[in-house]
Amino acid sequence: HVLTVCAACAQTWAELLQENLQERMTKKMKFSEMPYTRIDFARVEEEMKGLMRELQEAGNGEEQFAVHKKFYRLNDRVQTQATICSIRHTIDTTDSFYEKEQEYYDAQMPAYSNLCVAYQKLLFESPYRAELEQKIGPVAFKNMEMAMKAVSDEVIPLMQEENALVTEYEKLLAGAKIDWDGETLNLSLLTPYLTSADPAVRRKAAEKQNEFFESIGQKLDELYDRLVKNRTEQARKLGFETYTPLGYLRMQRNCYGREEVENLRRQVKEIFVPFAEKMYEKRRNRLGMDIMTWSDEQVFGPEGNPQPEGTPEEILAAGQKMYGELSPETREFFDFMMENELMDVFGRKTKAVGGYMTYLPDYKAPFIFANFNGTSGDVDVMTHECGHAFQGYLAAEDPIREHADIGMETAEIHSMSMEFFTEPWYHLFFGEQKTKEYTQMHLEDAIMFVPYGCMVDEFQHEVYDHPEMTPDERKQVWKRLEKEYKPHLNYGGLPFFEAGCFWQKQHHIYSYPLYYIDYVIAQLCAFEFKEWMERDYEGAWKSYVKLCRMSASKFHTELLKDIGLDTPFADGTISKIVDGLEKLI
Ligand code: ZN
């Protein structure tokens, strides 16, 4: 076990670890056989209040930690039943039993999480805080402190309004009805046409998309304006000048701040953007086009984007073979998932749409939900989502539940790096013919993403720094940033996008403010792993497994240091990454 813990608590640690692993073995169970009983929240509240009393009566840190372990058990029980319910609801939306159960949890969970916050507050203010910090770790306490600064009763009405505005935005987009040769498509059904091998078809799809956004343009402006003003008001009520510092707290940025992020973006602009531009140039040449417009650059080559071969069943079987060969840890993980029916990935009429990965704490079991349809999206589930699930599987060995509270910039390293670690097995999905193309496209797309991700982040900083900007002024900012981050960009006369409105289709900007640079940080770290595995696959893999096992037991920057990656914030890292990528390309 690679986790480093101080000598004082190594004993407890070892005991807990043993307990945890035994639990996984003894409680091993197929998902369909997992018993479900509705959580009685009135009883849970009593139990929780009992624990809070015990916590206050405890005479030292050791005793308090013993109470805290009971809290883990209680919370695990609640989370496990609620998660079983939500999984069963999504794998069969026609099952009225779980539909009703889901409504019950939707209504009860907010009060339950308030109860947990009240419990945590006691922990945070404990007179034995130092001892507790030794066991639970400083990260957990820092996160608690940040969470407390980020809300107050005074801003709750504003937060409710913020949620309502976000819902309105999501509904507006989900309600798209696009006419396609007499068929009505929503935005996600339009997506395959946007990457059609036929330039005329993808152009037509881009025009349709552009038309739709133009038709709701005024509403989009209004919603975002209200969101910016709302968030700024929340920040002022909580004692901040602008929303940005509050946004950082809410994104749980516990070990880096605005300056580090700015330094990252500066380096991307100077060093990474010219490199990414070469990728676009490569793509233009491959497509054989004199002028490559936005609707063309989504496509890898004249034949379109490489698609996997085989049925959904064959894709899953290929995944099993791949993880069976990659390492003993991944073999154990994937066998566990398959044996216990923890991968519900085949599309069925009664299933909910989309995909997710979740976790059942009582069984130490990750769960993957998807709707395979024979496209490269299925392969993403096998390479990316399985990266998250593999981390969840390994981290179950960690007895400290707070360590599962992983920041997105770290969590996406687990998944984005797995996309590269699985590269030697791409041929199982794509056949000999298209493997080379897919490998190249995957790397190119990842490279092209970095400037875009930084642009989304810089835009939001500008917006929240100047909340008084008009919708039109915001569009001018976006247009300026497009010239800096994607100088080649040519929308080919699509009016909505040319007016500086492209960002309005980026959900994160409305729904998850200041979330996006996390993907950039993780992508850059995944590139470091990629370069490392070219030199020494085994060494890179060991370091990756160590990172997964550490979860959030340390701060993000410390984790990177421990596993031998350079932080993308530091001067010089980006140019090192670009040097490594140049060789691969
Ligand atoms: Zn992910």
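These legends accompany several close-up views of a predicted model. Residues are numbered from 1 along each chain as its sequence is written, and side-chain values use heavy atoms, with hydrogens and water left out. Because the model is predicted, local features need pLDDT of at least 70 and side-chain atom pairs count only at pLDDT 80 or more, while totals for chains, interfaces and linings use all residues.

View A. Helix α7 spans residues 156-174; helices here are DSSP runs of H or I with at least four residues, strands are runs of E with at least two, and both are numbered from the N terminus. Its 19 residues reach 27 Å from first C-alpha to last, close to the 27 Å expected at 1.5 Å a residue (the expected span is 1.5 Å times one less than the number of residues). Look for the buried residues Leu-158, Glu-162, Leu-165, Val-166, Tyr-169 and Leu-173; buried means under 20% relative accessible area, exposed over 50%, and partly exposed in between, with a 1.4 Å probe and protein chains only.

**View B. Strand β5 and its partners.** Strand β5 (residues 365-372) has seven of its eight residues buried, so it is largely enclosed by the rest of the structure. Strand β3 (residues 343-346) runs parallel to β5 and is joined to it by three bridges; two strands pair if DSSP finds at least two bridges between them. Asp-344 stands opposite Phe-369 in β5. Strand β4 (residues 356-360) runs antiparallel to β5, with five bridges joining them, and Leu-360 has Ala-365 as its bridge partner in β5. Four residues separate β4 and β5 in a hairpin, and Lys-364 in the turn has a positive phi of about 55°.

View C. The whole structure holds 58 aromatic pairs. Rings of Phe, Tyr and Trp (its six-membered ring) pair if their centres lie within 6.5 Å; planes under 30 degrees apart count as stacked, over 60 as edge-to-face and the rest as tilted. Tyr-36 and Tyr-98 are edge-to-face, 5.4 Å centre to centre with 65° between the planes. Tyr-36 sits in the loop between α1 (7-26) and α2 (41-57), Tyr-98 in helix α4 (residues 96-124), 62 residues apart. Tyr-36 is buried at 14% relative accessible area, and Tyr-98 is buried at 10%. Phe-41 and Tyr-105 are also edge-to-face, at 6.1 Å and 80°. This pair links Phe-41 in α2 with Tyr-105 in α4, 64 residues apart, and both are buried.

**View D. Charges over rings.** Arg-286 lies over the face of Phe-300, 3.9 Å from the ring centre. Lys-351 lies over the face of Phe-369, at 4.8 Å. A charge sits over a ring if NZ of Lys or CZ of Arg is within 6 Å of the ring centre and within 35 degrees of the ring normal.
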